[in-house]
Amino acid sequence: QLVDPRLQPHDTVRFGASVRLRTAAGGDPGEERALTIVGVDEADPAAGRIAFTAPIARAILGRAVGDSATLATARGDEELEILSIDYPSE
């Protein structure tokens with residue numbers, strides 16, 4: 001099903017969102033990363049394009065700026081803070 005990211009609620013993480021995250025605890029505290037949530041066929045983790053089915057995407061979907069989410073990793077749990085949410089304007 002085609003989803004138009006421009007029509008998504010812009011105050012929470014949804015399909016099509018470009019999100020900046022910071023590791024708050026676990027992993028490398030203070031590390032920031034940017035990712036865009038895309039369809040499975042568009043995913044390219046090296047380019048920051050993460051499938052909506054990926055564990056990190058599932059952890060942050062529905063969250064707002066300032067919210068935290070826990071991501072279970074092989075190194076242990078990471079606490080992620082959402083710094084910004086953007087959607088394409090076109």
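Strands S4 and S5 (residues 76-86) run antiparallel and are joined by 6 bridges. Strands here are DSSP E runs of at least two residues, helices are H or I runs of at least four, and both are numbered from the N terminus. Two strands are taken as paired if DSSP finds at least two bridges between them. The model is predicted, so local features need pLDDT of at least 70 and side-chain atom pairs count only at pLDDT 80 or more, whereas totals for chains, interfaces and linings use all residues. Residues are numbered from 1 along each chain as its sequence is written, and side-chain values use heavy atoms, with hydrogens and water left out.

A hairpin of 2 residues connects S4 to S5. Across this pairing, Ala 69 stands opposite Leu 80 in S5.

Glu 78 is part of strand S5. Its relative accessibility is 4%, so Glu 78 counts as buried. Buried means under 20% relative accessible area, exposed over 50%, and partly exposed in between, with a 1.4 Å probe and protein chains only. The side chains of Glu 78 and Arg 75 form a polar contact of 3.1 Å. Such a contact is a pair of N or O atoms within 3.5 Å; within protein, one must be able to donate a hydrogen and the other to accept it, and residues adjacent in sequence count only if both atoms are side-chain atoms. Beyond its neighbours within four places in sequence, Glu 78 is in contact (heavy atoms within 4.5 Å) with residues including Thr 23, Arg 33, Ala 69 and Leu 71.

Thr 23 lies in strand S1 (residues 18-25). Thr 23 counts as buried because its relative accessibility is 2%. Its side chain makes a polar contact of 3.3 Å with that of Arg 33. Residues up to four places away in sequence aside, Thr 23 touches Glu 78, Glu 79 and Leu 80, among others.

The largest nonpolar core has 18 residues. A core of this kind is a set of buried Ala, Val, Leu, Ile, Met, Phe, Trp, Tyr and Cys residues joined through side-chain atoms within 4.5 Å. Val 13, Val 19, Leu 21, Leu 35, Ile 56, Ile 60 and Ile 82 touch the most other members. S1, strand S2 (32-38), helix H1 (55-60), S4 and S5 each supply at least two residues. H1 gives the most, with 4 residues. Leu 35 is in contact with Val 19, Leu 21, Ile 56 and Ile 60, among others, leaving aside neighbours within four places in sequence.

The structure holds 1 aromatic pair. The ring centres of Phe 15 and Phe 52 are 6.1 Å apart and the planes stand at 65 degrees, so the pair is edge-to-face. Rings of Phe, Tyr and Trp (its six-membered ring) pair if their centres lie within 6.5 Å; planes under 30 degrees apart count as stacked, over 60 as edge-to-face and the rest as tilted. Phe 15 lies in the segment before S1 and Phe 52 in the loop between S3 and H1, 37 residues apart. Phe 15 is partly exposed at 24% relative accessibility. Phe 52 is also partly exposed, with a relative accessible area of 36%.
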